[in-house]
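Visitor: I have the sequence and the coordinates open. Could you walk me through a few local features?

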Amino acid sequence: MTTTARRKKRAAVYGLRRREKPYRERGIRLLAGVDEAGVSPLAGPVVAAAVIMPPESSIRGVDDSKKILNPQTRDELARQILAEAVAVGVGLSRPREIDRINIYQASLVSMARAVRRLRERPELVLVDARKVPGIDMPQEAHVGGDGKFYQIACASLIAKTFRDALMRRMDARYPGYGFADHKGYPTPEHCRLLRELGPCWLHRRGYRRVAELNQVEMFE
């Protein structure tokens with residue numbers, strides 16, 4: 001890695017942590033970030049993560065997971081986050097639940113599940129773009145929060161890497177669709193295979209590209 005690249009990573013992490021400084025100055029130590037991954041895929045669950053990182057944490061390279069294109073880099077950052085975190089909670093909503101309550105509500109449900117699975121109760125919850133219903137603790141919603149706050153960026157990375165790992169495992173259970181490669185996203189190859197093979201249990205039947213197919217095959 002070049003010196004310039006290192007400086008950019010340090011600057012990015014500094015910017016993310018600087019926005020949390022007012023909360024630290026108020027004496028908030030258990031600050032949680034919450035984010036989700038998997039809203040747009042045609043298949044698989046939507047996954048949310050809630051993360052509490054210690055105030056002194058400053059993992060170089062942490063950023064919004066969508067900006068980190070290298071899967072190996074995301075996985076390494078996720079390992080460092082898990083090693084340093086005060087608490088991590090993961091929640092998900094499976095395809096049938098997504099079909100029943102819609103993807104927006106399923107995302108909120110998965111976020112609430114992630115927060116409730118934290119082993120430490122946060123003093124404040126920072127959420128990317130929306131507020132989480134059903135949690136009895138202070139929270140704030142910040143549009144684009146995964147690119148603004150260190151805690152939310154860490155949650156974004158955990159949600160993304162957890163979901164990707166799950167879809168790699170599902171590739172063995174539901175072979176032929178290429179889930180290990182596209183993770184359920186509507187890539188041209190995934191759409192072609194979906195037309196050829198028909199949907200499997202992992203596909204979200206409420207999504208237009210899946211619903212357009214007349215026959216839905218259910219695989220156990």
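This is a predicted model: local features need pLDDT of at least 70, side-chain atom pairs count only at pLDDT 80 or more; totals for chains, interfaces and linings use all residues.

Guide: Start with a cysteine: cysteine 200 has 1% relative accessibility, so it counts as buried.

Visitor: Which cysteine sulfur is nearest to that of cysteine 200, and how far away is it?

Guide: A disulfide needs two cysteine sulfur atoms within 2.5 Å. Cysteine 200 is in no disulfide. Its nearest cysteine sulfur belongs to cysteine 191, at 14 Å.

Visitor: How many disulfides does the count give?

Guide: The rule asks for sulfur atoms within 2.5 Å. By that rule, the count is zero.

Visitor: What is the relative accessible area of cysteine 154?

Guide: Buried means under 20%. Cysteine 154 is buried, and its relative accessible area is 0%.

Visitor: Turn to helix α3. How far apart are its end C-alpha atoms?

Guide: Helix α3 covers residues 71–84, which is 14 residues. At 1.5 Å a residue, the helix should span 20 Å. The model agrees: the end C-alpha atoms are 20 Å apart.

Visitor: Within what arc do the buried residues of α3 fall?

Guide: The buried residues in α3 are Arg74, Leu77, Ala78 and Ile81. Seen down the axis, the buried residues of α3 line one face of the helix, because they fall within an arc of 105°.

Visitor: Why would residues three or four places apart point the same way in an α-helix?

Guide: Residues three or four places apart point the same way because of the helical repeat: an α-helix has 3.6 residues a turn.

Visitor: Which residues are exposed on the other side of α3, and what covers the buried ones?

Guide: Exposed means over 50% relative accessible area. On the other side of α3, Gln72, Arg79 and Ala83 pass that mark. The cover over the buried residues includes β2 (46–52) and α6 (150–173).

Visitor: Now the loops. Is lysine 183 buried or exposed?

Guide: Lysine 183 sits in the loop between α7 (179–182) and α8 (188–197). Its phi is positive, about 60°, although lysine 183 is not a glycine. Its relative accessibility is 13%, so lysine 183 counts as buried.

Visitor: How does asparagine 102 count by relative accessibility?

Guide: Asparagine 102 lies in the loop between α4 (95–101) and α5 (103–116). Its phi is also positive, near 85°, in a residue other than glycine. At 39% relative accessibility, asparagine 102 counts as partly exposed.

Definitions and conventions:
Residues are numbered from 1 along each chain as its sequence is written. Side-chain values use heavy atoms; hydrogens and water are left out. Helices (H or I, at least four residues) and strands (E, at least two) are DSSP runs, numbered from the N terminus. The expected span of a helix is 1.5 Å times one less than its number of residues. Buried means under 20% relative accessible area, exposed over 50%, partly exposed in between (1.4 Å probe, protein chains only). The arc is that of the directions from the helix axis to the C-beta atoms. Contact means heavy atoms within 4.5 Å.
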